[in-house]
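Hi everyone, thanks for having me.

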Amino acid sequence: YGQGCEGDPILQADTIAEATRRMKKATSRGTINFNSNGSLPDRIQLLCDAGMDSFRFSMNSVREEPYNRYYRPRGYVFGDVMRSVRVARDNGRFTMINYLVSPGVSDAPEEVEALLTFVAETGIDMIQMRNLSIDPEYYNREMGVNGKGIGMYRLLELLKKEFPRLQFGYYNRTRENFYPPDLEKGWPVKSEK
């Protein structure tokens, strides 16, 4: 449910929960995924209870200030998004973030530090990095970024080193492919190095 251009399906969570229950009752085949901004954590719990298999939450930052500058939330706060991610993980669902990235913002030292903490604390399964197609000078100015980042490639290398089981990709996975054979099922564990 939801691919980012037709509005957030979380506003139809009751209908989607009922449809999910009916699908799960009719067949054990298929994978049901929910893409959302995660603005309503109680609706995420409802969807988990209905049998949703996986969740993907969109965000441009794991820090409140840049998140708010870009999304300008109404009727919810940044903390609601963070709670939604945790609800999905606490219910054992395959959990991803649709991380809208832009050099200078996403790889800024303070964002990198926050992202490492976020992954460690939430145990998300996957990051789907998507280029935020926006004028970078405008975006960096709006985000209040003046310095240089560590580089997107370095950011990716750091994440892979710190969280060997964290997956990266561009598409949602099927249940059969949530955890590739070389990865144990479960939360990414920070490297001992």
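Let's begin with confidence: what is the mean pLDDT of the protein, and what share of its residues reach 70 or more? This is a predicted model, and its mean pLDDT is 90, with 91% of the residues at 70 or more. There is a stretch to treat with care, though. Over residues 187-193 the pLDDT stays under 50, and for that stretch the model has 20 contacts beyond four places in sequence.

Now please find helix α2, which covers residues 41-50. Which of its residues are buried? They are P41, I44, L47, C48 and A50. Here is a handy rule for looking at such a list. An α-helix has 3.6 residues a turn, so residues three or four places apart point the same way.

Two packed helices are described by the angle between their axes and the distance between the axes. For α2 and α4, the angle is about 15° and the axes are 8 Å apart. Angles under 35 degrees count as roughly parallel, so α2 is roughly parallel to α4. Their crossing is right-handed.

Who meets whom here? From α2 we have P41, I44, Q45 and C48, and from α4 we have D80, R83, S84, V87 and A88. Sorted by class, this contact of α2 with α4 has five nonpolar, two polar and two charged residues. Notice that P41, I44 and C48 were also on our list of buried residues.

Next, α4 has another partner, helix α5, made of residues 109-122. This pair packs at an angle of about 35°, with the axes 10 Å apart. On the α4 side you can pick out M82, V85, R86 and R89, and they meet F118, E121 and T122 in α5. By class, the contact of α4 with α5 has three nonpolar, one polar and three charged residues.

One last stop: R72, in the loop between α3 (64-71) and α4. Its phi is positive, about 50°, although R72 is not a glycine. Is R72 buried or exposed? Residues over 50% count as exposed, so R72, at 59% relative accessibility, is exposed.

Conventions: Residues numbered from 1 in each chain as written. Predicted model: local features only at pLDDT ≥ 70, side-chain atom pairs only at ≥ 80, totals over all residues. Heavy atoms only, no water. Buried < 20%, exposed > 50% of the residue type's maximum accessible area, 1.4 Å probe, protein only. Helix = DSSP H or I, 4+ residues; strand = E, 2+ residues; numbered from the N terminus. Axes fitted to C-alpha atoms, helices over the stretch in contact; angles between N-to-C directions. Parallel < 35°, antiparallel > 145°, perpendicular 65-115°, else oblique. Left-handed = near helix turned anticlockwise from the far one by under 90°. Contact = heavy atoms within 4.5 Å. Nonpolar A, V, L, I, M, F, W, Y, C, P; charged D, E, K, R; others polar. pLDDT = per-residue confidence, 0-100.
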